Amino acid sequence: MKNLFYTLFAALLFTTSNAGAQRLHDDNTISWLSSQNTIYLSKKVSLALEYQWRREGVFQSWQQSLARGGVQYHFKNGVSVLGGYAYVITYPYGDYPAGPYTIPEHRIFEQLVWNDNSHGRLMINHRLRLEQRLVGKVNQKAAAYDVDGSNYLNRVRYQLRVTYPLNNKKLEDKTWYLAAFDELFVGFGSNVNQNIFDQNRIGILAGYQFNKNFRVDAGYLNQTVQQGALVGGKQVYQYNNGLLVTAYYTKPAREKKVVEGSK
């Protein structure tokens with residue numbers, strides 16, 4: 001765990017130390033729609049299913065398509081672990097795209113979540129995720145678009161999210177709430193290029209929980225991305241700002257029916 005925090009801290013220092021280096025700035029407007037679903041198979045085991053529809057501009061063109069799923073185990077103390085797979089397609093966008101190609105990615109991930117509800121109304125969520133990524137490699141010498149193999153990359157992500165209910169003491173039926181999060185992405189391993197600091201996301205949201213099964217939040221998203229490939233020998237930093245809307249659905253496990261008179 002200490003090595004992880006040293007890595008995250010080193011990434012921040014790396015970003016700061018390169019603040020004066022030659023770089024290209026790419027400002028974009030983005031709009032992300034996300035559906036996150038938790039389907040309980042039992043009290044402790046659930047399926048986590050997610051799709052994100054990421055667009056550039058006001059839903060004008062593709063930025064990214066992401067489908068993710070996994071199996072999650074829930075402990076009693078607000079801790080859960082999850083393992084799963086994601087399929088991602090990244091499209092060329094912005095003023096300095098890495099190339100005119102759509103890039104597929106296969107991603108395996110492991111995740112640890114800790115929900116800390118010991119601060120009165122304020123709820124704190126910690127999420128640590130490791131990703132093993134197979135990013136498609138385009139054969140640029142081919143006459144037509146052709147993905148020829150993949151590059152293997154490792155990445156660690158840490159997200160801190162806080163949620164504050166407004167009209168109730170806790171997040172329950174018919175509750176308005178405010179939320180904010182920050183998530184740092186750090187690349188590591190032998191294949192990391194320019195982007196040890198991969199990206200950072202900040203969100204400020206307002207939401208409404210209709211009932212224990214369904215809630216929605218929406219608000220502002222800031223995404224800072226350092227591209228892995230240089231353009232004209234310069235680092236490319238994307239500064240993406242826009243809308244984030246997420247719908248959350250939870251399906252509880254079926255309760256076993258007890259037949260009257262049976263033991």
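Guide: Let us begin with a single residue. In this predicted model, Phe 210 has a relative accessible area of 41% and is therefore partly exposed.

Visitor: Is Tyr 208 buried or exposed?

Guide: Tyr 208 counts as buried, because its relative accessibility is 18% and the cut-off for buried is under 20%.

Visitor: How does one describe a pair of aromatic rings?

Guide: Two quantities are used: the distance of the centres and the angle of the planes. The structure holds eight aromatic pairs. One of them joins Tyr 73 and Phe 75, with 5.0 Å from centre to centre and 70° between the planes, an edge-to-face arrangement. Both partners are partly exposed: Tyr 73 has a relative accessible area of 32%, and Phe 75 has one of 43%.

Visitor: Why is the pair of Tyr 208 and Phe 210 edge-to-face?

Guide: The planes of Tyr 208 and Phe 210 stand at 85°, with the ring centres 4.8 Å apart. Planes over 60 degrees apart count as edge-to-face, so this pair belongs to that class.

Visitor: Which residues form an aromatic cluster?

Guide: Trp 53, Phe 59, Trp 62 and Tyr 91 form one such cluster.

Visitor: Where does the charged end of Arg 54 sit?

Guide: It sits over the ring of Trp 32, at 3.9 Å from the ring centre. Likewise, Arg 129 lies over the face of Phe 109, 5.3 Å from the centre of that ring.

Visitor: How should I read the strands?

Guide: In a regular strand, side chains alternate between the two faces of the sheet. Here, strand β5 (residues 103–119) pairs with strand β4 (residues 79–90) in the antiparallel sense over 12 bridges. Across this pairing, Ser 80 stands opposite Val 113 in β5.

Visitor: How many bridges join β5 to β6?

Guide: There are 13 bridges between β5 and strand β6 (residues 122–138), and these strands also run antiparallel. β5 and β6 form a hairpin with two residues between them, and Gly 120 in the turn has a positive phi of about 70°.

Visitor: Which residues form a nonpolar patch on the surface?

Guide: Leu 122, Tyr 164, Leu 166, Trp 176 and Leu 178 do so, with about 470 Å² of accessible area together. Of these, Trp 176 is found in strand β8 (residues 175–188).

Methods. Residues numbered from 1 in each chain as written. Predicted model: local features only at pLDDT ≥ 70, side-chain atom pairs only at ≥ 80, totals over all residues. Heavy atoms only, no water. Patch = residues over 30% accessible without salt bridge, like charges linked within 9 Å, V, L, I, M, F, W, Y side chains within 5 Å. Areas by Shrake-Rupley, 256 points an atom, 1.4 Å probe, with all protein chains shown as cover. Salt bridge = Lys/Arg side-chain N within 4 Å of Asp/Glu carboxyl O. Helix = DSSP H or I, 4+ residues; strand = E, 2+ residues; numbered from the N terminus. Phe/Tyr/Trp six-rings, centres within 6.5 Å; stacked < 30°, edge-to-face > 60°. Buried < 20%, exposed > 50% of the residue type's maximum accessible area, 1.4 Å probe, protein only. Lys NZ or Arg CZ within 6 Å of the ring centre and 35° of its normal. Pairing = 2+ DSSP bridges.
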